[in-house]
Amino acid sequence: MRFWLRNEEMALEEMVQRLNAVSRHTDEIMHQDIVPLCAADIQEQLKRRFAYLSGGRGQDGSPVITFPDYPAFSEIPDKEFQSVMTYLTSIPSLQDAGIGFILVIDRRQDKWTSVKASVLRIAASFPANLQLVLVLRPTGFFQRTLSEIAFKFNRDDFKMKVPVIMLSSVPELHGYIDKSQLTEDLGGTLDYCHSRWLCHRTAIESFALMVKQTAQMLQSFGTELAETELPNDVQSTSSVLSTHTEKKDKAKEDLQLAQKEGQRLLESLREPLAESTAHSVNQDQLDSQATVQRLLAQLNETEAAFHEFWAKHQQKLEQCLQLRHFEQGFREVKATLDTASQKIATFTDIGNSLAHVEHLLRSLASFEEKSSVAVERARALAQQGQQLIENKHYAVDSIHPKCEELQHLCHQFATEIGSRRALLSKSQELHRLLETSMKWCDEGIYLLASQPVDKCQSQDGAEAALQEIEKFLETGEENKIQELSKIYKEYETILNPDLLDHVQKVFQKQESMQEMFHRRQASLKKLAAKQTRPVQPVAPRPEALTKSPCPSPGSWRGSENSGPEGSALRRGPYRRAKSEMSENRQGRDSSTGDEEEGLAILRRHVMNELLDTERAYVEELLSVLEGYAAEMENPLMTHLISTGLHNKKDVLFGNMEEIYHFHNRVFLRELERCTDCPELVGRCFLERMEDFQIYEKYCQNKPRSESLWRQCSTCPFFQECQKKLDHKLSLDSYLLKPVQRITKYQLLLKEMLKYSRNCEGAEDLQEALSSILGILKAVNDSMHLIAITGYDGNLSDLGKLLMQGSFSVWTDHKKGHTKVKELARFKPMQRHLFLHEKAVLFCKKREENGEGYEKAPSYSYKQSLNMTAVGITENVKGDAKKFEIWYNAREEVYIVQAPTPEIKAAWVNEIRKVLTSQLQACREASQHRTLEQSHSLPLPAPSSTSPSGGNSRHVKKQEERKTDPLSLEGYVSSSLPKPPEKGKGWSKTSHSLEVPEDEGGWSSAEEPINSSDAEEDGGVGPKKLVPGKYTVVLDDEKGGPDTLAMRSGDVVEVVEEGAEGLWYVRDLSSGQEGWVPAGSLSALLGTSSSAQCLSSSESSPGSAVLSNSSSCSEGCPAPFSDLQG
């Protein structure tokens, strides 16, 4: 840098010296250093032509100045005369001027007196050397005579340093000066034009001034350039270089303009000779040409001096710009490589599985590929710096350290990448070994499980099984971990606690599997070595047969017990049988153990499949998020994205990122903890069941995602991303992965549960399976729910969606035209029902045209029923798939036909749960209010205990009912139930069963939960005993010897159940007891948990009646057909 500054200063100093010399030489050429006077300054005086320099020369080369006849000569001011004389004498070269001037004074037309005055004035004020003065005296006779006489008498007045010669005629003049050196007015042949001479002199002096000013301008410009401070950034340096270049070009234009001006002037001076070769050129013209040539030479010198300086200055600026580019590139590359090194430092994960390690290796390769651009740039930049040094850049001391640092960064990055790859390769090698060992163990366990126990009981089967085991164990040399200490030593650099624990578990699994094999081998060897004893038939002795053909039992026992030999023979078969029984018992125990081993093997297989597929699933999600979703925000890929995809990433991918983070950070790790206890995996699912709700959001967005994909599937962006990821399938296949995954879990849980029936975690597995199925159902239901159109309210206000499905629906309403009712009975409507906690929605299903999700149906909302006013009838005559949903005291009845009886049963059960939960809520509220009022309000007294009183009360209630029907708008119903007609079940008003006034009555105005508990035909069947209070619905005033006389509306309490449909009850009004037909009673909703047709004397307003289908009782599961109407 210092060396360059010295060069810069030297270049400037050299240029300044050379340009100063140009200015000085210009002044010398123009004699401006002696007489600083220009023609332009005295142009008016020169135009008078009272004296001129014709260019003629005397015999010795003396310049000739001619004073032509000028009548007003005496009137010329001395100052102007002196200026003209000074200027004319400064024109000839110093050499010619040194010889002396010859003055030719033409006064032929003048008077003697003026001649004398002129000569004396010229002689007195002439500024240069004089060699000779020639005077042409007046030509008139008198004036010539007078001049001769006067000159003789006044000779002393003309005494000068040079002789003054009076000439009488021009021919005498020619004797002193050759005719070729005299102008035409003096009889000579010299071509002279005063105006042309004046124009040339003015141009030459103007050109000389231009040369001098150009030199001075370039000198100032060069000083300005040299003193410019160099910027520290690329943009400013480029701007300075551009500005200086523009100024240089402008100066060069001025220089070229001056050169052209000089060339034109030189051509103008040479023009007479060019027009005629015979034309003679006088000395002054030659001197003028020489002057212009010398000035052009000075101009060229000026150009050369500035060009040399500019070349050095431009080199400095260009090198400065190169340095700034190099420094900027250095900063950028260094920052990139530092960031890359920092990121490599965060790559501490060595993988928890072979697939994970391979993914990490791919990620490392991808990172290295992306970083290779920066590394290559760093190397190119270092090479560029070396090139600058070789080109003798002025900032070598700054460039060289940066080149070394760049090389160090590249080497460091390569080393870190290599070290990271080596660790991952080691990890990959170890995980491959571990997975190979685990696979070998699984295959071995599967081999043990697949060997049929019954076939191994035979010698041939045992030997075949032994051969299979021995053949398999021979493969262990290649597949199993040989020495644990060797593993520790070889992979010490990567063995973190988790991996070390994994290695130990795999080794333990391997040892356990080998131990199982050894036990199996031992068992099989025993079975193979067991020899079957041949039966040796012994023929009876003839003597014995003849002596005792039919011996008595006593004698036979005596013969058996006689002697030790007989005893031994008798004990031998017994001991053999006992030994065989013992061996069979051991075989059964071994068989049970083998079965347990087989189940454990199968559980491990299921667990391995769950883990492998989970890891693959996580990797696939990551590849989609990194390879597609992240690339949508990559500026380099923007040009490939169609306009329809802009700002649509959330629509296309939904909450896939949330799903990925849950599985990668939480669920996969928890599953891996269950590797050794697969049967406990159900707990993992149960603990994270709420997190699985994120799939519902993803599935709800799937139709929008599918629609967007179909619109933009041909976008080049997707093709480029698929090419980079090397995916064989397009993006839509990967967008389906979460849907496929959530459905896969229930299959794996079913398999795990099948092999874990008697294990510790079986209950958790069953619960997890049910929960996953529930999530799948909720996801499926939500997909239908979002397709509802035309509903004005907020569906979320209706509570949780419990069920949804398509049904055939008939209507049977009290209101409406009779024909409409009849037509409605025979023509079903196809409706899609949505059962919520607070309402049931009726929609019409509409199929959409299109493909895939675009073909998904939509549902047009038709009507909804508030569950607080809904009742159900479980069975409808003639079809086991039908049930009734009725509304508002059966003013609206909907006969619903399910596709199958199972679907009907599920819906009825779910509606029953909803109604029961509402009933329970009403009951609890009523009990709470009763407790609050029990100390302040008296108990109601019975209004009448007589049959007639009860009957009149019943008639009164019937009349009130006509004017005050049961409704949801706040009316309180107090009517008594109507007795069932013959052959019918409960009537359409049976949902509003009432209690006597002496029991306090009940209200259904707030939250009635209504239900009919009879079929359409009111079928009769035996009624089961349920403890609690009942209302009499059929009169039996006569009674009998063992039966109790009752009236409709009486309240009784069941004591016990008898035969032939009779119940033993106690009348709560009279306290009498007796037998009554069970069909005459209807249950009240009280302390009983009955499920038939319940009402409540203890419930608050809003209590209701339930059929058996709307029961919450566990003690009465009887179907509706078991009830009597």
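This is a predicted model: local features need pLDDT of at least 70, side-chain atom pairs count only at pLDDT 80 or more; totals for chains, interfaces and linings use all residues.
In which sense, parallel or antiparallel, do strand β3 and strand β4 pair, and over how many bridges? They pair in the parallel sense, over six bridges, with β3 covering residues 101–106 and β4 covering residues 130–136.

- Five strands make up an open sheet with mixed pairing, and their order is β1-β2-β3-β4-β5.
- The edges belong to β1 (52–57) and β5 (164–167); each has a single partner strand, so one side of each is left without a neighbour in the sheet.
- On average, and ignoring direction, neighbouring strands of this sheet are turned by 25 degrees against each other.
- For background, strands of a sheet pair through backbone hydrogen bonds, in either a parallel or an antiparallel way.

**Cavities**

- Searching the whole structure turns up six cavities of 30 Å³ or more.
- The largest cavity holds about 170 Å³ of space.
- Its lining consists of 14 residues, and those closest to the centre of this cavity are R196, W197, H200, N282 and Q285.
- Three helices each supply at least two residues of the lining of the largest cavity: α8 (194–227), α9 (234–275) and α10 (283–346).
- Helix α8 gives the most to that lining, with four residues.
- Sorted by class, the lining of the largest cavity has five nonpolar, five polar and four charged residues.

- Most residues other than glycine have a negative phi, and that makes the next two worth a look.
- You will find K392 in the loop between α11 (354–390) and α12 (396–450).
- Is K392 buried or exposed? K392 counts as exposed because its relative accessibility is 71%, and the cut-off for that class is over 50%.
- D726 also has a positive phi near 60 degrees, again in a residue other than glycine. The loop between α25 (716–725) and α26 (731–735) is where D726 is found.
- With 66% relative accessibility, D726 counts as exposed too.

Key: Residues are numbered from 1 along each chain as its sequence is written. Side-chain values use heavy atoms; hydrogens and water are left out. Two strands pair if DSSP finds at least two bridges between them. Axes are lines fitted to C-alpha atoms, for helices over the stretch in contact, and angles run from 0 to 180 degrees between N-to-C directions. On a 1 Å grid over the protein atoms alone, a cavity is a set of points where a 1.4 Å probe fits but cannot get out, and a pocket is an open set with protein on both sides within 12 Å along at least five of seven lines; lining residues have an atom within 4 Å of a point. Grid points are joined across faces, edges and corners, and a volume is the space filled by probe spheres set on the points. Ala, Val, Leu, Ile, Met, Phe, Trp, Tyr, Cys and Pro count as nonpolar, Asp, Glu, Lys and Arg as charged, and the others, Gly among them, as polar. Buried means under 20% relative accessible area, exposed over 50%, partly exposed in between (1.4 Å probe, protein chains only).
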